[in-house]
Amino acid sequence: MRIPRDDTFEEQRRTYRLRFTCEHCAFFHEPSSRCVHDFPNEEHRQAYYDSAYEWIVFCKDFELV
Ligand code: SF4
């Protein structure tokens, strides 16, 4: 799901420390920084949200660790 950056989401993800990036997903292979499903994951990574990102991009296969 891809939606434009939103100030409310930005505030809430920081306030409530929302977990939605690959780093908190059961399918993330940390040593290789890749998704075990081989999905392109650049826009699902924490580093993306720490940058001046334009789109919020949720992964439909996210599974909280
Ligand atoms: S399933 Fe989605 S959120 Fe999980 S590691 Fe793969 S790309 Fe990232």
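Tutor: Happy to. A salt bridge here means a side-chain nitrogen of Lys or Arg within 4 Å of a carboxyl oxygen of Asp or Glu. Please keep in mind that this is a predicted model. By that rule there are five salt bridges, and Glu10, Arg13 and Arg14 are linked in a network of them.

Let's begin inside that network. Arg13 pairs with Glu10, and their closest N and O atoms are 2.9 Å apart. The two residues are three positions apart in helix H1 (residues 7–15), so about one helical turn separates them. Both Arg13 and Glu10 are buried.

Arg2 forms a salt bridge with Glu43, with 2.7 Å between the closest N and O atoms. Arg2 belongs to strand S1 (residues 2–4), while Glu43 is in the loop between strand S3 (34–35) and helix H2 (46–49), 41 residues apart. Arg2 is partly exposed at a relative accessible area of 43%, and Glu43 is also partly exposed, at 26%.

Glu23 forms a salt bridge with Arg45, the closest N and O atoms being 2.8 Å apart. Glu23 lies in the loop between H1 and strand S2 (28–29) and Arg45 in the loop between S3 and H2, so this pair ties together parts 22 residues apart in sequence. Glu23 is partly exposed, with a relative accessible area of 30%.

For the setting, the chain runs β-α-β-β-α-β along its sequence, and 25% of its 65 residues count as buried.

Terms used
Residues numbered from 1 in each chain as written. Predicted model: local features only at pLDDT ≥ 70, side-chain atom pairs only at ≥ 80, totals over all residues. Heavy atoms only, no water. Helix = DSSP H or I, 4+ residues; strand = E, 2+ residues; numbered from the N terminus. Buried < 20%, exposed > 50% of the residue type's maximum accessible area, 1.4 Å probe, protein only.
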